[in-house]
Amino acid sequence: MATSNNRRKFMATTFQSVGLTALGGLLWSGYSDEVKASPLVLRPPAALPEDDFLKACIKCGLCAEACVNRESNQNRDGSQRKGTLQMAKGGDHRMIGTPFFVPTDVPCYMCDDVPCVPVCPSGALDMPSILNEKKELDINKAKMGLAVVHKESCIAFWGIQCDACYRACPIMDEAITLEYQKNERTGKHAFLLPVVHSDICTGCGLCEQACVTEKPAIFVLPIEQATGVAGDHYVKGWDKKDQQRVQNANEIHTKNERSKQDASEYLNMEVEY
Ligand code: SF4
Ligand code: SF4
Ligand code: SF4
């Protein structure tokens with residue numbers, strides 16, 4: 001009897017530990033999912049590059065608090081609007097406890113005094129990176145991401161007049177312009193197409209939020225995901241800074257020709273023994 005009781009206890013303990021291990025595994029896999037940073041996450045202004053940001057951010061939430069308390073986060077009727085910066089929770093598929101924003105929900109309003117940045121105690125938000133020549137905070141220097149236009153779903157590319165994204169941009173005519181293009185097929189109509197300029201766009205996402213299509217045809221991606229890299233071996237011959245590179249390349253070529261010539265002369269030299 002004692003033996004069967006012992007066995008029952010043993011089985012119960014074993015099942016309990018197996019159950020706990022399985023539950024632990026599930027929780028861990030959920031946790032590690034959150035720990036793996038989503039490459040598509042948008043961070044507050046002046047955030048360090050993603051890997052460095054994740055190491056530096058101490059998850060204190062001060063940036064999100066400073067953002068939520070903005071007057072700009074009040075609706076017209078005076079009620080509180082959800083702040084731009086959210087702190088990631090389980091299920092958000094971002095590193096838990098880190099700040100992020102989703103432009104279609106609430107974009108960054110590009111506050112002049114950028115209150116979210118100076119409160120950061122860890123340097124995860126790098127204030128010097130958005131200081132202007134006068135050492136003042138300048139939100140126009142922020143690079144939270146880059147807006148990209150999906151031509152197939154942007155109705156301006158269908159010839160329908162729409163400038164919602166252009167009008168929503170706080171740096172209109174610089175970060176985003178409307179470019180005229182003739183409709184070659186009809187010869188009578190024209191397109192007015194939104195073009196984003198990557199050197200100016202801050203990635204605030206106001207254009208994404210304003211877009212009229214069912215799923216925004218203009219949307220912000222983190223810079224790394226939105227841009228390509230041509231590589232050093234391509235040279236724009238007409239670009240001022242590339243002219244020197246062309247000259248250097250010619251010099252190297254001439255030098256190589258010379259050394260090839262020197263080498264063949266050397267090999268053809270008559271050697272006296
Ligand atoms: S600059 Fe953007 S993220 Fe910072 S407080 Fe203003 S709305 Fe929030
Ligand atoms: S204030 Fe800085 S350290 Fe705190 S949550 Fe925001 S980014 Fe992270
Ligand atoms: S994200 Fe859109 S609205 Fe914001 S600066 Fe860039 S183009 Fe303008």
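**Ligand shells and core**

Guide: The shell around ligand 1 holds 13 nonpolar residues, one polar and one charged. Here Ala, Val, Leu, Ile, Met, Phe, Trp, Tyr, Cys and Pro count as nonpolar, Asp, Glu, Lys and Arg as charged, and the others, Gly among them, as polar. The model is predicted: local features need pLDDT of at least 70, side-chain atom pairs count only at pLDDT 80 or more, and totals for chains, interfaces and linings use all residues. Residues are numbered from 1 along each chain as its sequence is written, while chains are lettered from A and ligands numbered from 1 in the order in which they are written.

Ligand 1 has 15 residues around it, each with its C-beta atom, placed from the backbone, within 6 Å. Cys67, Thr84, Cys108, Cys111 and Cys116 are the closest.

Cys116 also belongs to the largest nonpolar core, a set of 45 residues. Such a core joins buried Ala, Val, Leu, Ile, Met, Phe, Trp, Tyr and Cys residues through C-beta atoms within 7 Å. Buried means 20 or more other C-beta atoms within 10 Å of a residue's own, with C-beta atoms placed from the backbone. Cys116 is among those with the most contacts inside the core, as are Cys63 and Leu125.

Now Leu125. Beyond its neighbours within four places in sequence, Leu125 touches Pro44, Ala46, Ala47, Cys63, Cys116, Val117 and Cys120. Contact means C-beta atoms, placed from the backbone, within 7 Å.

Cys63 and Cys120 turn up again at ligand 2. Both are among the closest of the 13 residues there. That shell has ten nonpolar, two polar and one charged residues.

Conventions. Buried ≥ 20, exposed ≤ 12 C-beta atoms within 10 Å, placed from the backbone. Contact = placed C-beta atoms within 7 Å.
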